[in-house]
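Please study the sequence and the model shown here. The paragraphs that follow lead through selected parts of it in turn.

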Amino acid sequence: MSLLIKNGRIITAADDFIADIFIEGEKITTIGKDLSMPADKVIDASGKLVFPGGIDPHVHLDMPFMGTFSSDNYETGTRAALFGGTTMVIDFILQRQGHSLREALNEWKGRSDNNCIGDYSFHMAVTDFNEDTKKEIRTFIEDEGIVSFKTFMAYKGALMIDDRQMIGLMEEVKKHGGIINVHATNGDIIDYLVAKFREESKRAPLYHYLSQPEVTEAEASERFVDMIHYTGCPGYIVHLTCEGALNVVRNATRRNQHVFVETCIQYLLLDASLYEQDFEGAKWVMSPPLREKKDQETLWAGINQGLVQVVATDHCPFKWEQKLLGKDDFSKIPNGHPAVENRMELLYSEGVHKGRISLNKYVEVACTNPARIFGMFPRKGTIAVGSDADIVIFDPEEKHTISAASHHMNVDYSGYEGWELTGKVKTVVLRGSVAIDNNECLVEKGYGQFIRRNKVTGNL
Ligand SMILES: [Zn+2]
């Protein structure tokens, strides 16, 4: 099977030029002007942008959490991602405390194997680091191609590890060429505030927000940044939301420390005023919560300053009836919101179209940096000879409106209902196959492959 994409405006993190792309099998084999080789299929991309498939390195599909499961499984989640121009996601495996990493990997494979439409990988969340877990780190990196390990500084008794475990894990991960991801919030302060508000009968979604003030994130981020500086382990802060936490990273760059920062699309576009309605605010109950307008500006600036390298989603959808589990108590509302389908179009419309970031920066934070940071570049994340043919053909002018009535995520509301966007995904190619065209998905469940990743250095 061969495919020729003609006359598109090709955008990578570094380039911007009009040319043709020739694809044989799953790979890009030639890029040039006026290519004339015969192809099984030809797509005319005149007037369109052509960029690498998006990579969302932060999603939770079919994940057991707070007594229920996130409502997108591997099939619906990766299909929705493809409709939105994201050809690959990285999901999270959660170790159960007292059990091995291997057990968790097997459990997650049971849900994901042969069920994905788009490509995927896993981060391994280490919730119990001990002598046995320590021995598993090398195997995960070298045999499984899973090189990133997630840690939680919150959710005591379920997911959190203490600083002693954190340092031990960092030393082991560094030794074998991996990277540590962190959910950096101070769990003890949050637990205190949650208990206090509940006792005072303050149980509306607003108190979810008030129980995770900026200081909880800034403090934990600083502790994490200091610990990775001390151990020399590559580090990545997931879903950074606020000025206080970003300032910690900015300070660390003064000692030439490299720490990677991910924010999520919702922290750039939405703010905490959404919690001021009654239970409706539960749609945006996530951790960390949405912040203030000033934090949005800080994060956009952080992208342009090179302090924020990745825009992800933390896609973790729950249907409205699941959100109602917390109707009388904010601490029982399943945390998370749907966004995997909307990330690329929202970031284009609000970022590029509105002049906040350049086209090259757009590709860098949504496609290229996730591949580089997590050991998949240049197979993924760019348009180059030899790379996987994961390609989005995008109409930069077409206007459309986000709605739960037309989205493909398995959830009955949208956090962006009625938002009018400029720029739409038209065609998506995944490893040489046309996966999305004319608003139709053309690949089957099972097409999505698990992508083994390489060791990383902590540099871009
Ligand atoms: Zn998450």
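Against which elements do the buried residues of helix 8 pack? They pack against helix 7 (214-231), strand 13 (235-237), strand 14 (260-264) and helix 10 (293-304). The buried residues of helix 8, which spans residues 243-253, are Gly244, Ala245, Leu246, Val248, Val249 and Ala252. Here buried means under 20% relative accessible area, exposed over 50% and partly exposed in between, with a 1.4 Å probe and protein chains only. Helices (H or I, at least four residues) and strands (E, at least two) are DSSP runs numbered from the N terminus.

The model is predicted: local features need pLDDT of at least 70, side-chain atom pairs count only at pLDDT 80 or more, and totals for chains, interfaces and linings use all residues. Residues are numbered from 1 along each chain as its sequence is written, and side-chain values use heavy atoms, with hydrogens and water left out.

The zinc ion is coordinated by His58 (NE2), His60 (NE2) and Asp314 (OD), at 2.1 to 2.2 Å. His60, in the loop between strand 6 (54-59) and strand 7 (64-65), and Asp314, in the loop between strand 15 (310-312) and helix 11 (320-323), link distant parts of the chain, 254 residues apart. Both His60 and Asp314 are buried.

Thr313 is also found in the loop between strand 15 and helix 11. Thr313 is buried, its relative accessible area being 0%. Its contacts (heavy atoms within 4.5 Å), not counting residues up to four places away in sequence, include Asp56, His58, Cys264 and Arg343.

Definitions and conventions. Donors are N, O and S atoms within 2.8 Å of the metal (3.2 Å for Na, K and Ca); water is not among the atoms, so sites may look incomplete.
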